[in-house]
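Student: I would like to learn how to read helix packing and salt bridges in a protein model. Please take me through the structure below.

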Amino acid sequence: MAKNESILRFGGVTFGYSETKPLLEEVDFSIRRGSKTTIMGQNGAGKSTLFQLITGDLSPDDGTVIVGNGISIALSRQVIPRDELDLTLREFFDKALNPNPSAKKIYDVDPRIDAVLEVVNLDAPHDRIVRSFSGGQQARLLLASALIQNPDLLLLDEPTNNLDTGGIEHLTDFLKQYEKTCIVISHDADFLNSFTDGVLYLDAYTKKIEQYVGNYFDVREQIVIRQEKENRKNAQLAKEIQENKDKANFFAMKGGQMRMVAKRMREKAEELEEEKVDTRKEDKTIRSFIIPSQQDIGGVIAHIMGYKTIHNHKITERKTDIKLKKNQHLLLCGPNGIGKSTLLEAIAKNLSKSTKISEGVKVGYYRQDFSTLNFEDTVYKSLSEVAPKESEEKLRSVAAGFLITGDAIKTKIGNLSEGQKGLVAFARLVLQKPGLLILDEPTNHINFRHIPVIAEALNKYDGAMIVVSHVPDFVSKIRIDETLDLDA
């Protein structure tokens, strides 16, 4: 197959999890060999579903998904499935290489594991349990599990989530040099712009996919220009339509032959209505919000006296003396795998003698893996759990502010996209009114349009707060009173 030939083609594809609410309607696009394409679209629009249609895990309701003959596909998922967290590294990669028990088994995986771990810049023994890796290290394992398959088409679903600056730079360099075909879902604009040569925009309103050529920033500009042009055209048509309707009403009142003129005016207005174009609506942004803090507490809310760090698989105990009171914000920083998430969990669950939360303090804990959420609960049940005395009207209002509207509030959390799970987690914090807010990578999976709104809410939070984030622009928008660098 020549480099410019199509490796993947969607022809009139329609798909939906229910007949009344399709995610895609008669979608057409193609991907050429060797291209690096970005998928854009708001949380819940169906980006990850698109990947499942490509891999064949889902089948279209109508239309065809055509993959070139002999083309192999590998998907780097957003999160490691829970049933794989207790596997050893060797078992994890063996499953990636041998997903079909009935197929011919690939043996001698250890050399392959060593090679692919070097590509993702991770050093670990093959008998280490997957669960023991940090969120950033698990992100590297997800990429490695796809790369070890040596696919013709590589699908990356939010690959920068949890990665520190060094990890993102390493992944960026890899993709720049990558010679095979790659499709990426991400909300990191700078990362995408460094290697993208085309964009598929999934419009949550029209259910269509628009295909653009160019780097990420160029395409965003093209989309804005197109939208402005369509809006101007529609505004002019709306003016002409109203003028014809006004004339039709005027002539209709005259009676006699003027009624025929009025009829022609109405027909002209109807013709102009048909000329209107469906403009691509911008992604909705969550409403501005505040996280109310617990009011019946004072003094020291949380006390950190010590912590553990991990370097080269060795644990080191360190001492510190950080006392957090109301309206104090602490930033934890350090590279992937050093122990940030472990420290947050120890604080949140009072698992260590070196950390203490004062009695009576309500803890709002945002975990990067959303394990504080029960995936079997509906959104409504999850929200009512933290605010049992609130009315249904109040719960629905808070949910709507985070774009969980209508019947979506009855959806099981496990069926939501990762970005939507994050928005539900924030809605719970609003209703919970915590005295101590603990946030572990709160921008992961979140649409970039929402991030400034979230930053503003955290900046104004007047309880005690501890946050971990590898997104400098996000952190710069939040008031930080103290920083604990675990790598110092």
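Predicted model: local features only at pLDDT ≥ 70, side-chain atom pairs only at ≥ 80, totals over all residues.

Student: How are two packed helices described?

Tutor: Two packed helices are described by the angle between their axes and by the distance between those axes. Here, the axes of helix 2 (residues 89-97) and helix 4 (residues 135-147) come within 9 Å and cross at roughly 40°. Helix 2 and helix 4 are therefore oblique to each other. Their crossing is right-handed.

Student: Which residues make the contact of helix 2 and helix 4?

Tutor: Helix 2 contributes L89, F92, F93 and A96, while helix 4 contributes L141, A144 and S145. Six of the contact residues are nonpolar, one is polar and none is charged.

Student: How many salt bridges does the structure hold?

Tutor: It holds 18 salt bridges. One of them joins D164 to R140, with the closest N and O atoms 3.3 Å apart. This pair links distant parts of the chain, 24 residues apart: R140 lies in helix 4, and D164 in the loop between strand 6 (153-157) and helix 5 (165-177).

Student: Is D164 buried or exposed?

Tutor: D164 counts as buried because its relative accessibility is 9%. R140 is buried too, at 12%.

Student: Where do E456 and K460 lie?

Tutor: E456 and K460 are four residues apart in helix 13 (residues 451-460), so about one helical turn separates them. They form a salt bridge, the closest N and O atoms being 3.1 Å apart. E456 is partly exposed at 36% relative accessibility, and K460 is exposed at 51%.

Note on methods
Residues numbered from 1 in each chain as written. Heavy atoms only, no water. Axes fitted to C-alpha atoms, helices over the stretch in contact; angles between N-to-C directions. Helix = DSSP H or I, 4+ residues; strand = E, 2+ residues; numbered from the N terminus. Parallel < 35°, antiparallel > 145°, perpendicular 65-115°, else oblique. Left-handed = near helix turned anticlockwise from the far one by under 90°. Contact = heavy atoms within 4.5 Å. Nonpolar A, V, L, I, M, F, W, Y, C, P; charged D, E, K, R; others polar. Salt bridge = Lys/Arg side-chain N within 4 Å of Asp/Glu carboxyl O. Buried < 20%, exposed > 50% of the residue type's maximum accessible area, 1.4 Å probe, protein only.
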